[in-house]
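Subject: Structure handover

Hello,

Here is the structure for you to take over. Please open it alongside this note; what I found follows below.

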Amino acid sequence: MYPPTRKDFVSLTLSERDPRTYNNGKQWRRQSCWRKWKQLSRLQRTLVLVALPLMVVCLFAAYPGLAGRWRGLSDRAVKEDPGKGHDLKPVVPGAVPGVIPEPPKQNVPVLPEAAPVRRPFPKRGPPGLQSRMQKRGNASDSQVEEEKPAVKSGEQGGGEKPLVSWRGAIIEADQTTDPQPSLQGKERDVAPGEPPGVTPQKPVTDPVKRQEAVKEAFRHAWKGYKDFAWGHDELKPITKSFGEWFNLGLTLIDALDTMWILGLKEEFEEAKAWVATELSFSKNVDVNLFESTIRILGGLLSTYHLTGDALFLDKARDIGSRLMPAFNTPSKIPYSDVNIGKGTAHSPRWTSDSTVAEVTSIQLEFRELSRLTQDPRYRDAVDEVMRLVHKLDGKHEGLVPMFINTNSGQFTHLGVYTLGARADSYYEYLLKQWVQGGKKETELLEDYLKSMEGVKKNLLRKSSPSGLTFVGELSHGHFSPKMDHLVCFLPGTLALGAHHGLPGDHMELAQRLMETCYQMYAQMETGLSPEIVHFNMQAGESRDVDVKLADRHNLLRPETVESLFYLYRFTKDRKYQDWGWEIFQNFNKYTRVPSGGYTSINNVRNPEDPNPRDKMESFFLGETLKYFFLLFSDDPELISLDKYVFNTEAHPLPIWPDTPPAAV
């Protein structure tokens with residue numbers, strides 16, 4: 001059935017006025033309005049005449065507020081205009097979009113105030129292998145535009161802006177407070193943007209209060225682990241679930257000595273009960289030799305020394321003996337993987353190489369296990385590795401390649417030298433073994449001193465425009481200004497060596513590198529460092545670092561906080577505590593999850609949407625929070641650096657006295 005035919009008409013009205021007198025109709029409109037006005041009753045005309053002055057008065061009263069709003073919108077437009085030449089976008093103060101604070105609790109230590117507003121950096125600032133090897137991208141900051149926020153806030157009931165979830169997850173900020181004064185210098189009287197006469201809240205400077213904030217952060221992280229991942233390797237705080245790597249309760253074991261040092265005895269006792277009743281290494285599971293040594297063996301040995309409880313030494317002996325098949329290779333260079341249930345070991349499926357960091361960063365733990373048990377096989381195995389590496393060809397002025405073959409015992413992939421992933425802790429353990437053994441093993445000291453000279457000669461450069469000293473990489477004679485966050489272990493290691501009598505210029509270099517590592521945080525919009533940066537070296541650059549898209553993640557790493565601890569312990573310069581406090585606040589602001597736990601994030605350049613990864617690495621409790629707590633302590637005897645040496649997972653082991661202990 002068809003619809004009825006539609007007929008359209010056009011109506012045209014012609015004016016009777018003389019077209020020669022055309023005046024755009026203004027006179028006609030004036031006459032028409034006057035006629036309409038005269039047609040109104042006297043009452044209607046009176047009401048209109050009264051309403052008009054009232055409207056004028058209301059407009060005058062509302063003008064200042066409207067003007068301020070228009071001015072704010074105009075300023076915001078200017079700030080967001082990429083053509084204005086700003087290098088860094090300012091962080092929006094106060095609440096973070098996508099962040100919902102927890103309701104206030106009774107008798108909970110005061111959390112730190114929100115981190116300072118990030119500003120463009122001035123010319124000069126203030127003076128596991130799976131988890132540690134990251135893919136690298138190609139596009140740098142100077143080649144791509146900043147990403148737009150994934151979700152924008154609109155209007156919501158009650159006149160408040162809505163709080164946006166990050167990829168379906170709600171991550172809380174520290175508190176939705178106004179920005180606090182910068183911790184880099186003296187306290188200011190008025191915060192930027194505050195009206196005159198308003199007294200800002202003073203920053204937390206009391207070390208005891210800062211330590212209490214770290215303890216509260218640990219309890220919050222522990223709550224997430226206990227509620228959603230108890231007995232498993234890692235917490236996934238966003239999905240309130242867990243992940244397995246070795247299926248050995250990795251986070252729990254890694255955190256044992258942290259709880260003891262922080263004085264969290266209740267949490268420690270419940271973890272100890274799990275170790276006593278649930279922890280078993282009789283499992284058909286492959287573990288990484290390096291990661292299980294530094295996290296599990298190191299954590300158990302450290303906890304034994306701090307508590308004196310033989311339970312932890314028994315467990316350490318068990319896992320240590322199960323790792324020994326890794327050394328059954330033609331070259332005595334250990335395999336990377338061990339099946340602790342079957343007693344077999346092998347290289348990764350894709351290569352017969354191990355990384356140099358893997359095979360040379362297990363010595364502190366196995367040497368200590370031999371000393372405690374008086375079973376020499378543990379120390380003999382790892383000392384043999386160091387002897388082989390000591391005399392190998394392929395080094396470049398003390399710098400070692402990243403890979404070593406388990407069959408031939410020779411370096412592979414020659415010509416590439418870095419202090420980042422795959423080689424970093426080789427240099428750290430050269431010094432720390434020398435310290436652990438009472439400064440008697442001269443070959444270790446010689447290798448360390450030679451390697452540091454090699455770093456200064458081949459890898460040190462300065463950035464533009466600020467002249468920051470950084471450590472790059474060397475690849476077949478070509479220098480790359482790439483620096484991993486992992487390299488930020490180096491300031492602390494250099495300072496430790498200077499403390500134990502090594503050349504004084506090591507401390508001076510440590511302080512310069514410490515500033516660089518801090519700036520890797522301070523120059524990011526979230527105040528958190530990316531995994532990798534590339535330093536600018538050409539004159540005329542607007543800022544010191546570029547960050548490629550694939551490198552913008554933050555894994556809650558400890559290396560910068562670790563070095564801040566060493567620098568403060570040896571210099572007593574409180575700027576290192578202040579820098580650490582600023583970093584701690586930003587962890588609280590951008591990585592804390594309301595239901596418990598902290599999460600790594602994908603984008604440190606985007607405070608609007610840092611994009612959580614849904615993973616809390618075990619080293620956040622084992623290292624990062626431990627070093628924060630020690631950094632904020634003024635007690636040099638709290639894990640004295642004249643009595644203990646930290647392994648690369650922040651587990652303190654004793655410096656050996658002259659008299660060996662009795663067998664346990």
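**Annotated sites**

UniProt, in an unreviewed entry, lists Glu291, Asp424, Glu531 and Glu559 under "active site". Keep in mind that the model is predicted.

Glu531 first. It sits in a loop. Is Glu531 buried or exposed? Its relative accessible area is 4%, and the cut-off for buried is under 20%, so Glu531 is buried.

Now Glu559. This residue belongs to helix 17, which covers residues 559-571. Glu559 has a relative accessibility of 5%. That is under the 20% cut-off, so Glu559 counts as buried too.

Which residues does Glu559 touch, leaving aside neighbours within four places in sequence? The contacts are His485, Leu486, Cys488 and Phe489. With His485 there is also a polar contact, side chain to side chain, at 3.1 Å.

**The binding site position**

The unreviewed UniProt entry also carries a "binding site" feature, placed at Thr648. Thr648 is in the loop that links strand 17 (644-646) to strand 18 (652-654). Its relative accessibility is 9%, so by the under-20% cut-off Thr648 is buried. The Thr648 side chain makes a polar contact with the side chain of Glu428, at 2.9 Å.

How many bridges join strand 9 to strand 12? There are two, and the strands run antiparallel. Strand 12 covers residues 473-475. Within strand 12, Leu474 is the bridge partner of Tyr417.

**Overall figures**

The protein has 19 helices and 18 strands. Of its 664 residues, 55% are buried. The accessible surface is about 30,400 Å². Carbon and sulfur atoms account for 54% of that surface.

**Where to start**

I would open the view at Glu559 and its polar contact with His485. Then go to Thr648 and its partner Glu428. After that, turn to the sheet and find the Tyr417 and Leu474 bridge pair.

Over to you.

Best wishes

Note on methods:
Residues are numbered from 1 along each chain as its sequence is written. This is a predicted model: local features need pLDDT of at least 70, side-chain atom pairs count only at pLDDT 80 or more; totals for chains, interfaces and linings use all residues. Side-chain values use heavy atoms; hydrogens and water are left out. Two strands pair if DSSP finds at least two bridges between them. Helices (H or I, at least four residues) and strands (E, at least two) are DSSP runs, numbered from the N terminus. UniProt positions are given in the numbering used here, feature names are shortened, and annotations may be inferred rather than shown by experiment. Buried means under 20% relative accessible area, exposed over 50%, partly exposed in between (1.4 Å probe, protein chains only). Contact means heavy atoms within 4.5 Å. A polar contact is a pair of N or O atoms within 3.5 Å; within protein, one must be able to donate a hydrogen and the other to accept it, and residues adjacent in sequence count only if both atoms are side-chain atoms. Accessible areas come from the Shrake-Rupley method with a 1.4 Å probe; for residues, only the protein chains shown count as cover.
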